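Could you walk me through this structure, one question at a time?

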Amino acid sequence: MVESLSAEDYALFQQKLTGRIIQKTAGVCGGNARIRNTRIPVWTIISLQNQGAGDGEILENFPILTPFDLIAARIYYQNNVL
């Protein structure tokens, strides 16, 4: 279904998805972006991926996370850090 979206609609979908999943709260995780209502910072996920961890390994080690959380973390990182 997502594949059928136009490029503009897909970008909007990504923005909305990221906006609901990624949170920044003063005093939580040092104010760094984190994954929805957890204390797992986006940088932790990106760091693990950069060290070679695959999605399956990350999800196994952080069972509270979903595949959508990992996608949102990557999108957030691409749009706000790189």
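Author: Welcome! This is a predicted model, where local features need pLDDT of at least 70, side-chain atom pairs count only at pLDDT 80 or more, and totals for chains, interfaces and linings use all residues. Residues are numbered from 1 along each chain as its sequence is written, and side-chain values use heavy atoms, with hydrogens and water left out.

Reader: How many salt bridges does a search of the whole structure find?

Author: A salt bridge here is a side-chain nitrogen of Lys or Arg within 4 Å of a carboxyl oxygen of Asp or Glu. With that rule, searching the whole structure gives a count of 2.

Reader: How far apart are the closest N and O atoms of Arg 36 and Asp 69?

Author: These two residues form a salt bridge. The pair links distant parts of the chain, 33 residues apart, with Asp 69 in helix H4 (residues 67-80); helices are DSSP runs of H or I with at least four residues, numbered from the N terminus. The closest N and O atoms of Arg 36 and Asp 69 are separated by 2.6 Å.

Reader: Is Asp 69 buried or exposed?

Author: Buried means under 20% relative accessible area, exposed over 50%, and partly exposed in between (1.4 Å probe, protein chains only). Asp 69 has a relative accessibility of 1%, so Asp 69 counts as buried.

Reader: Which residue forms a salt bridge with Arg 74?

Author: Arg 74 counts as partly exposed because its relative accessibility is 25%. In its salt bridge the closest N and O atoms are 3.1 Å apart, and the partner is Asp 55.

Terms used. Helices (H or I, at least four residues) and strands (E, at least two) are DSSP runs, numbered from the N terminus.
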